[in-house]
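Hi everyone, thanks for coming along.

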Amino acid sequence: AVVSTQSRSRYCRYSIDHLSKHLKLLFLRAKNLFPHAHIFIQNLLPLPVNNPYVMHNVNSFNRLLMKMCEANKVFFIDVLSKFINRDGLRDAEFFAPNRFNCHLNRRGTGQLARIYITLIHNLSKFSFNPLVRIT
């Protein structure tokens with residue numbers, strides 16, 4: 001996608017890619033601390049500001065995170081798709097009413113809990129697949 005000069009400043013200042021070094025260190029540290037553990041990383045949930053620029057950064061970070069998980073043999077859990085609406089923006093039904101609040105409400109917490117309960121119940125069925133999609 002082409003980004004105009006005006007809108008470029010609204011994206012992450014240094015792009016999301018500068019975080020890959022830090023993610024790799026995080027994965028290495030977790031693997032060193034827990035060498036026999038299955039490590040699962042959840043993607044970011046949508047942030048409270050419903051605008052395409054913020055969602056672009058969230059989506060860019062989630063793509064980077066998925067790529068890093070695959071490269072480091074860490075499980076990636078896609079939960080974002082359960083918390084966005086048809087327009088690809090944050091679904092207010094799952095979040096606290098204050099637009100500046102990034103916390104899940106009771107319904108959102110229940111949604112996330114169901115995802116993790118399903119994951120836990122099916123843990124024995126996993127062979128390594130870097131992308132875990134819970135539907």
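Leaving aside its neighbours within four places in sequence, which residues is Met68 in contact with? They are Ser20, Leu23, Lys24 and Phe27, where contact means heavy atoms within 4.5 Å.

Before going on, a word on what you are looking at. This is a predicted model, in which local features need pLDDT of at least 70 and side-chain atom pairs count only at pLDDT 80 or more, while totals for chains, interfaces and linings use all residues. Residues are numbered from 1 along each chain as its sequence is written, and side-chain values use heavy atoms, with hydrogens and water left out.

Now the overall layout. The chain has 4 helices and 3 strands; these are DSSP runs, numbered from the N terminus, with helices being H or I of at least four residues and strands E of at least two. Starting at the N terminus, the order is α-α-β-α-β-α-β. Of the 135 residues, 33% are buried. Buried means under 20% relative accessible area, exposed means over 50%, and partly exposed is in between, using a 1.4 Å probe and protein chains only.

Back to Met68, which belongs to the largest nonpolar core. A nonpolar core is a set of buried Ala, Val, Leu, Ile, Met, Phe, Trp, Tyr and Cys residues joined through side-chain atoms within 4.5 Å. This one has 12 residues, including Leu23, Phe27, Phe61 and Met68. Two or more residues come from each of α2 (20-33) and α3 (52-71), and α3 gives the largest share, with 5. Apart from this core lies another, of 9 residues, among them Leu45, Val79, Leu112 and Leu119.

Let's stay with α3 for a moment. Helix α3 has 20 residues and reaches 28 Å from its first C-alpha to its last, close to the 28 Å expected; that expected span is 1.5 Å times one less than the number of residues. Its buried residues include Val54, Phe61, Asn62 and Met68, and what covers the buried ones includes α2, β1 and β2. After the helix comes Lys73, with a positive phi near 55°.

Where does Asn62 lie? Asn62 sits in helix α3, and at 6% relative accessibility it is buried. The side chain of Asn62 reaches the backbone nitrogen of Leu44 at 2.7 Å, which is a polar contact: a pair of N or O atoms within 3.5 Å, where within protein one must be able to donate a hydrogen and the other to accept it, and residues adjacent in sequence count only if both atoms are side-chain atoms.

Asn62 also touches Asn43, a residue in the loop between β1 (40-42) and α3. Is Asn43 buried or exposed? Asn43 is buried, with a relative accessible area of 3%. Its side chain reaches the backbone nitrogen of Val79 at 3.0 Å.

Last stop: the charged pair. The count comes to 1 salt bridge, meaning a side-chain nitrogen of Lys or Arg within 4 Å of a carboxyl oxygen of Asp or Glu. Glu93 pairs with Arg107, and their closest N and O atoms are 2.9 Å apart. Glu93 is in the loop between β2 (75-78) and α4 (106-121), and Arg107 is in helix α4. Glu93 is partly exposed at 34% relative accessible area, whereas Arg107 is exposed at 52%.
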